[in-house]
Amino acid sequence: MFERLHTPAGMTRRHFMGHLAATSLAVPASQLIYALQARAASPLGRSHKACILLWMGGGPSHMDTWDLKPESEKNGGEFRPIATSAPGIEICEHLPTVAKQMKHLNVLRSLNSREGNHDRGTYVMHTGYTPTPTIVHPSFGSVCSYELGHKAGEDFPLPHFISINGPGEGAGFLGMSHAPFYVQSPTSPISNLRPQGGIAELRLGRRLAMLGAVEDNFRTQNRGQAAADHKAVYQKTVKMMNSQYTRAFMLDDEAKELRDAYGRNSFGQGCLMARRLVEAGVTFVEVQLGGWDNHNDIFETLRNGNLPQLDQGMGTLVEDLSRRGMLDNTLVVWMGEFGRTPRINQNGGRDHWPNGWSVVMGGAGLKGGQAIGSTDKDGVEIVDRELSVQDVIATMAKAMEIDLATQYTTPNGRPFKIVDGGKPVPELI
Amino acid sequence: MPRVRRAGWLAAAVCGWAVWLIPASIARAYQETEAGAPVSSERTASPAPTVSAGSVPQHLDYINEKLDAAWNEAGVKPSPDCTDAEFLRRAYLDLLGRIPNVKETNGFLSNSKDPGRRQKLIENLLAHPDYAKNMGTVFTNVLVGRRPQAQNVDREALATWLRTQFASERPWNEISRELLTATGSNKQNGAVNYALAHFADEKVNLTASSTRVFMGQQLQCTQCHDHPSNDWKQQDFWGINAFFRGTRSRPIETIEASGAVVRDGMEVYDEPTDDWARFEKRNAVVGVVPPTYLDGRRIDAGMDVVRRVELARFMTEPENDQFARAFVNRMWGHLVGRGMVHPVDDFGDHNPPSHPELLDQLAVDFRASNYNVKALIRWITASKAYHVSSRMTKSNDQDEALFSHYPLKPMTPEQLFDSLITATAAHRTEGGGSEKLREQWLRQFVVAFNNDEAGESSNFQGTIPQALMMMNGELMSKAVSGEPGSFLAYVLDQARLQRGMPPVRYAVENLYLASLSRPPTAAELRWASGLFDSNPDTLGVLQDLFWTLLNSNEFILNK
């Protein structure tokens with residue numbers, strides 16, 4: 001079962017890696033990965049679309065990012081709008097790098113997501129469903145992994161849903177093989193990817209050979225599928241441990257200048273890792289940036305922290321994807337669990353606001369450079385095109401080329417639609 | 001050396017089922033003096049109880065008869081009896097939440113001549129302190145799940161409260177009533193945390209969870225529409241919901257000596273109300289409904305009743321068959337790996353039970369025992385369904401619902417963690433002893449291995465991070481290190497002291513006993529001994545062997 005550990009002709013893995021390292025001196029590693037991916041999928045490059053979700057934990061202030069209200073005396077806040085590469089669309093002055101890429105992106109400015117609690121908002125924005133106690137709905141990343149992952153080929157060694165900087169929402173009834181693979185920090189090694197305490201590759205190989213024998217012994221006792229499933233998961237894991245594709249997790253291959261451009265922080269480097277993973281063939285990558293729950297001193301906090309990080313990471317990501325010709329196949333989405341109140345509270349912060357806020361998306365064949373829907377001068381009422389969470393997810397599904405009529409049966413035998421109602425936003429398609 | 005003997009198939013066949021039946025005279029005495037009615041094999045709308053509290057397996061007569069009848073009808077034959085070692089591991093995992101240690105295993109396996117040994121084992125486990133702890137863990141997960149709770153909710157206090165209830169053998173109807181009606185501080189009264197965990201959204205979650213946990217019925221979809229495949233209406237959901245209308249929570253604040261106001265948990269209380277539940281129908285008409293039980297009974301919606309108390313009365317009163325049936329099915333599912341109604345909490349016309357008469361009769365007896373949880377466990381663990389091997393036969397490998405073979409049950413994260421600790425004593429190694437590190441390991445396991453949907457599923461839902469953690473994680477590294485304090489270190493010491501038994505053989509046997517709760521077969525012993533022949537690094541090979549056994553499918557699957 002674990003024959004992958006032993007390369008042909010008795011070459012040990014370390015020896016093999018030595019060959020690989022020599023090869024990668026000649027070919028930049030990113031190209032190597034891309035070449036490998038291309039071979040795994042189709043001669044034309046990737047055979048299915050990918051999505052990078054930029055998740056703003058805590059509830060990002062749309063009023064201070066994508067939908068500024070400079071005309072509003074009471075709610076406007078401290079930031080000024082600037083023009084972008086999309087005619088007529090203005091965004092926050094602290095997002096100049098993103099502004100250059102706005103022609104690729106769209107702002108949906110009239111989302112009513114109805115959930116103002118962190119946990120419930122997080123759940124509904126990830127799944128399109130409100131939480132109920134008896135069923136756990138799959139997050140959209142898991143749906144993408146389930147629907148599209150197999151298109152990269154059965155041998156593809158990485159998980160198809162990877163979440164960076166936070167664990168992400170799970171796969172629910174779609175099963176753990178579509179749950180997000182959690183990367184705690186993009187600049188540290190993946191947890192447990194290598195044995196602890198100096199267990200050499202050769203010794204691990206010996207252990208795996210022994211494990212194969214013990215597992216086969218139990219598997220052939222005719223006690224049921226679980227015994228074989230266990231073995232299959234270990235096989236997949238060993239395949240990943242030994243795969244050169246894990247280089248996609250190693251940012252050292254990238255040029256220093258590009259790493260600087262993404263921003264030397266966990267969000268920026270996470271965005272860079274997301275690009276590498278998508279390049280390698282991964283279907284869905286979530287990159288989290290927390291710290292948006294700004295009940296106090298919102299302008300000071302955003303100006304000095306989140307906005308520069310977001311700007312570098314997101315702006316460089318879209319630019320990088322576009323330059324590499326990957327943006328046509330990669331959906332980029334910016335969202336959080338809700339927006340923040342138009343009203344500025346007594347502590348100089350804004351509170352939770354699901355009633356009319358903004359998400360941003362572009363790429364993967366969507367038209368770009370548009371603003372959809374709007375709120376009034378003070379940002380309080382939606383005056384044009386109220387959108388639901390289901391509309392947002394339907395648009396994402398459409399961009400990913402997942403059939404909106406797709407329906408699953410839950411373990412309880414109930415029908416489940418990947419999007420419960422909702423229509424793709426027609427201007428984007 | 002451990003005197004270990006395997007209970008072979010022959011022994012199992014000889015002992016057979018007879019050993020499980022207590023003498024007929026005693027059984028008769030029970031029936032005559034305590035229940036008064038003989039076992040009826042005919043199904044009636046409301047069967048008479050066959051026994052009262054605490055007694056053991058004359059129940060087997062009817063449980064096994066009903067199982068037999070279903071097998072005959074379907075033309076399947078049950079698998080043979082499992083081995084003693086398999087039974088031991090099963091019972092430890094299900095009742096104590098961990099595998100047995102080597103001493104416990106040797107003790108049980110050396111006693112293979114006692115025909116009452118399995119029954120005695122169950123009694124010993126029910127009296128073990130880990131029993132209540134395990135039940136507390138199992139039911140905390142049933143009540144509030146494993147997802148991280150909001151800050152307000154004190155999950156630990158709930159687990160401790162449940163543990164105390166199971167330790168003092170509180171009847172299930174009383175435990176349920178308290179969970180449904182608990183008031184006060186969530187730190188003082190752990191039961192309060194059940195309601196608190198489901199407060200959101202006008203108690204929609206509390207409504208759905210309470211009918212699911214205590215009645216085994218999933219009403220949650222009727223929150224928004226009438227049930228598509230049975231008689232439940234949207235009004236039924238909101239009728240139950242109206243019972244929770246007056247239930248409130250508020251932070252408890254205490255003032256410290258410094259004058260600072262400090263938050264000290266949450267209080268749940270009931271406020272008088274004459275509110276009805278309001279809900280929006282699909283046609284946008286707003287419906288209203290007073291507190292109404294599922295059978296249509298309403299309470300006088302006056303201000304002087306505590307509505308939750310009334311709901312708890314409806315749910316737990318003896319006339320409510322479904323309350324007992326729901327718990328019997330849940331416990332059957334926990335022990336046997338699948339409910340007679342499957343999933344365990346989805347009763348309804350759309351989902352009939354596999355053995356309706358058996359389920360009804362067990363429910364009647366459970367009620368007659370005064371909802372005695374241990375009695376129910378005794379009955380189920382004494383039945384054939386709990387003793388069949390997980391090895392399928394040609395005759396039964398297509399059967400999923402009739403309990404003709406035991407399913408492979410993947411360990412829960414808590415079982416896995418406690419079992420690894422039991423097998424390896426990793427927590428006794430240097431640096432492993434700190435409570436903080438142990439907590440950290442457990443958290444890692446719960447996070448990595450959690451799957452809310454796994455429930456009673458016998459599918460193995462493993463993931464790459466789980467396998468990585470088992471193969472390369474810190475706990476595993478400590479576990480097989482052979483550091484002082486660990487089980488492996490102990491085995492090495494003992495192996496050197498053996499007389500008349502090669503040290504390698506002693507060590508191999510003990511590693512199998514510690515991890516798989518059975519001695520190695522002759523073939524396994526040969527295979528393992530061969531590993532030492534080709535490698536002079538004895539400690540290294542033992543480490544590799546222990547690592548292999550702990551990572552194997554046989555370790556993580558309760559068989």
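Helices (H or I, at least four residues) and strands (E, at least two) are DSSP runs, numbered from the N terminus. On that basis chain A has 11 helices and 16 strands. The model is predicted: local features need pLDDT of at least 70, side-chain atom pairs count only at pLDDT 80 or more, and totals for chains, interfaces and linings use all residues. Residues are numbered from 1 along each chain as its sequence is written, and chains are lettered from A in the order in which they are written.

A residue is buried if 20 or more other C-beta atoms, placed from the backbone, lie within 10 Å of its own. By this count 53% of the 429 residues of chain A are buried. Two residues are in contact if their C-beta atoms, placed from the backbone, lie within 7 Å. In chain A, 72% of the contacts with a separation of 6 or more join residues 24 or more positions apart.

Between the chains, 50 residues of chain B are in contact with 48 residues of chain A. The helices of chain B that each supply at least two residues of the side touching chain A are tabulated here.

| Helix of chain B | Residues |
|---|---|
| Helix 11 | 200-215 |
| Helix 19 | 464-472 |
| Helix 20 | 474-479 |
| Helix 24 | 538-551 |
| Helix 25 | 553-556 |

Helix 15 of chain B covers residues 356-368. Of its 13 residues, 11 are buried, so helix 15 is largely enclosed by the rest of the structure. Among the buried residues are B:D360, B:D365 and B:R367. Just after helix 15, B:N370 takes a positive phi of about 65°.

Technical notes: The expected span of a helix is 1.5 Å times one less than its number of residues. A residue is buried if 20 or more other C-beta atoms lie within 10 Å of its own, exposed if 12 or fewer, and partly exposed in between; C-beta atoms are placed from the backbone.
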